[in-house]
Amino acid sequence: MNIRAHISTILCTLLILPVMTSAKDNGYNVKYDGGSIPSAKAGNELLMYIDANQVRFVKGKEEILTIPAAAITEISYGQDVHRRVGTAVAVGIFTLGVGALVALSKSKKHFVGLIWADGDKKGGMAMQCDKGEYRGILAGIEGITGKKAVDSTTMTVKN
């Protein structure tokens, strides 16, 4: 082998190595909001994986739930909008006027709900998703289940 072959081998290795080591985990960070997972509490950070035929939830290094795609019976989504009143009060104490502007701002929380029935194992859960991953999570779950997600705001009954 000549010197050019050695140099090109080294350069290729140096170019490919960072790509291989920085390959992003294909999981989504979600926050468990409630449901029928006994080993999770509201507010727990979970890692959700959408595989070809199942959805898996991992807490720490432990897989706490696996739902087969065929078992998912309903997908719902919605946004919970909160006014930042607490922040406005805190800011308003220190800077008069700015607190009023913060009170008018809104923070949106994006939620996805799943309901499943796998034989005698039935359950449901709600999870809060990052706004940047919200649509990807919905598309992924819709893709593997073949079901369309339902907007939960259209299902609420107003008195």
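Is Glu63 buried, exposed or partly exposed, and what is its relative accessible area?

Reply: In this predicted model, Glu63 is partly exposed, with a relative accessible area of 41%. Its side chain meets that of Arg56 in a salt bridge, at 3.1 Å from N to O. Arg56 also forms a salt bridge with Asp51, where the closest N and O atoms are 2.6 Å apart. Through these shared partners, Asp51, Arg56 and Glu63 are joined into one network. Side chains of opposite charge can pair when their charged atoms come close.

The structure holds four salt bridges. One of them pairs Glu142 with Lys148, with the closest N and O atoms 3.9 Å apart. Lys148 is exposed, at 66% relative accessibility.

The nonpolar side is next. The largest nonpolar core has 26 residues, and those touching the most other members are Met48, Phe57, Val112, Leu114, Met125, Met127 and Ile141. Among the elements that give two or more residues to this core are strand E3 (54-59) and strand E4 (62-68). Helix H4 (134-145) is another of these elements, and H4 supplies the largest share, four residues.

Val112 has contacts beyond its sequence neighbours that include Ile75, Ser76, Met125, Leu138 and Ile141. Ser76 lies in strand E5 (residues 72-83) and is buried at 15% relative accessibility.

Technical notes
Residues numbered from 1 in each chain as written. Predicted model: local features only at pLDDT ≥ 70, side-chain atom pairs only at ≥ 80, totals over all residues. Heavy atoms only, no water. Buried < 20%, exposed > 50% of the residue type's maximum accessible area, 1.4 Å probe, protein only. Core = buried A, V, L, I, M, F, W, Y, C linked by side-chain atoms within 4.5 Å. Contact = heavy atoms within 4.5 Å. Lists of a residue's contacts leave out its neighbours within four places in sequence.
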